[in-house]
Amino acid sequence: RCCRTSRRATRGSRAMLSLRGGLAPLLVLLLACTRGVADTTALETPAPTALETLALGAVETSSIEADEQVNYTVDASSCDGYLHVELWDTGRGDADAAEAMADPMLMVRRDDPPWASYEPDNNDWRFSDETYVDLEGYRLIRAYHRVVVDMRSCADACARACPTGSSANCQALCLVDCEEPDSDDEPFIIGIKNVRVWVDETLTFDLLATCVPYVSEDDIPPCPRPLGVEIGDCGGQGQGSCVAPAALEDGAVDRLALASGVCACAEGWGDVGCDEPLAELVANAEPVSVTVPAGEWAYFYVDVAAPDASDRAAAMLVEMRRDGGDPVLFVKRVDGSDVDDAGSGGGGWRAEGADAAWETPSTGTTPWVGDYANFADADGFRSRLNYHYLMLANAQLGRYYVAVFNNDVYLTETARVTVNAKVAFGAGLEDSEGDPPLCPMA
């Protein structure tokens with residue numbers, strides 16, 4: 001058995017995001033089992049289409065049919081900060097009203113229309129040259145996609161890359177290696193592709209391109225706004241705050257990594273835009289019980305914190321006991337540091353040809369069913385056991401997401417689960433300085 005693919009709907013008033021079962025039988029086979037390979041012919045490069053005009057700061061509301069692409073031209077010649085392009089899939093509505101949803105891909109390219117084609121034989125997406133794409137937004141089938149283009153001069157970029165305390169020649173070395181942004185007046189072309197590999201649905205969307213000015217090295221690049229412009233950055237309403245991305249080594253200018261602000265989520269909130277509510281799991285405390293309807297998620301967070309200044313190795317055991325339903329347990333680091341460790345070789349879906357794209361940076365992503373191969377208790381799920389667990393023998397200090405998805409492919413019933421986390425440091429050391437070993441079902 002495989003876990004079905006998550007088509008995450010726009011969050012309404014419900015705390016959980018509902019996932020409709022109509023897509024499940026198809027998507028579970030295509031993504032969770034085959035890492036995205038679909039038994040279909042390659043998607044060819046679309047024929048040239050007329051360009052529509054998009055003004056900076058103006059919201060465009062439109063729709064396109066499945067397997068079609070619409071291209072907008074936007075004049076950003078006056079922008080010397082960041083060009084922020086955002087797409088909201090507005091056709092999903094509340095999850096309970098959405099029988100199916102479209103599969104958008106957002107791309108941005110200078111001068112020529114961007115294109116993408118899928119080759120099912122080798123699970124490969126191919127993109128046009130010099131194309132920005134929100135690849136993670138596509139992989140996770142988000143309702144919100146974004147691309148940020150760094151329009152700053154090298155002088156401004158290097159000022160940001162060489163903060164106070166940098167080496168004396170940092171600025172000079174940075175300017176030698178830095179590449180100036182394209183200075184011609186050719187417009188950017190925004191391409192919105194309604195992918196038809198697994199679904200056949202009309203895409204209804206809002207599109208917005210804005211120029212975020214750069215004034216000084218203290219400015220923060222634009223952050224995600226998944227709940228809309230009126231709500232603001234990072235979920236708004238105190239759910240998170242927009243902060244600058246972590247600096248690289250002195251003098252390093254990365255026009256992708258440093259052009260996108262990061263959401264620092266408040267307690268009880270998570271995901272890349274701080275729009276996902278989380279419940280707290282306290283390590284080595286009493287279990288937390290929740291009810292998860294069929295096709296829905298329950299999200300938690302747990303902190304691994306050292307009790308003292310020693311460097312004893314940490315281990316974490318996350319356990320789930322179920323009563324009904326068909327739940328699967330996920331554990332994943334909030335900072336995403338374990339994503340690279342898992343890699344595509346571990347079975348996670350990652351199109352190799354996508355390496356050619358200029359991908360929008362994204363951190364803090366909550367677990368989704370595309371993480372099944374790398375971060376789920378697959379054995380317990382396949383066997384439909386009442387006890388599931390994940391043991392992290394080399395847990396890192398910091399915060400982890402814990403998630404439960406009640407799969408509705410084979411059973412459509414509510415799951416009642418209890419979840420707990422246990423953390424031990426230096427477990428099993430003979431000198432008795434360590435904690436007792438962690439044992440499943442103990």
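The following legends describe close-up views of a predicted model. Local features need pLDDT of at least 70 and side-chain atom pairs count only at pLDDT 80 or more, whereas totals for chains, interfaces and linings use all residues. Residues are numbered from 1 along each chain as its sequence is written, and side-chain values use heavy atoms, with hydrogens and water left out.

**View 1. An open sheet of four strands with mixed pairing.** The strand order is S16-S18-S23-S20; strands (E, at least two residues) and helices (H or I, at least four residues) are DSSP runs numbered from the N terminus, and two strands pair if DSSP finds at least two bridges between them. Strand S16 (279-280) and strand S20 (327-333) are the edge strands, each pairing on one side only. Strands S18 (residues 297-304) and S23 (residues 398-406) run antiparallel and are joined by eight bridges. Tyr 301 has Tyr 401, in S23, as its bridge partner.

**View 2. The largest nonpolar core, with 24 residues.** A nonpolar core is a set of buried Ala, Val, Leu, Ile, Met, Phe, Trp, Tyr and Cys residues joined through side-chain atoms within 4.5 Å; buried means under 20% relative accessible area, exposed over 50% and partly exposed in between (1.4 Å probe, protein chains only). Ile 190, Ile 192 and Phe 205 touch the most other members. Strands that each supply at least two residues of this core include S3 (69-74), S10 (188-194) and S11 (203-212). The largest share, four residues, comes from S11. Beyond its neighbours within four places in sequence, Ile 192 is in contact (heavy atoms within 4.5 Å) with residues including Tyr 72, Leu 87, Met 105, Phe 205 and Leu 207. A second, separate core of 23 residues includes Leu 281, Val 417, Val 419 and Phe 425.

View 3. A disulfide is a pair of cysteine sulfur atoms within 2.5 Å, and the count comes to six. Cys 154 is joined to Cys 178 with an S to S distance of 2.1 Å. The torsion about this S-S bond is about -90°, so the disulfide is left-handed. The sulfur atoms of Cys 158 and Cys 174 are 2.1 Å apart, and their link is left-handed, with -85° about the S-S bond.

**View 4. The disulfide of Cys 223 and Cys 242.** This link is right-handed, with 90° about the S-S bond. Cys 223 is in the loop between S11 and strand S12 (240-243), whereas Cys 242 is in strand S12. Both cysteines are buried.
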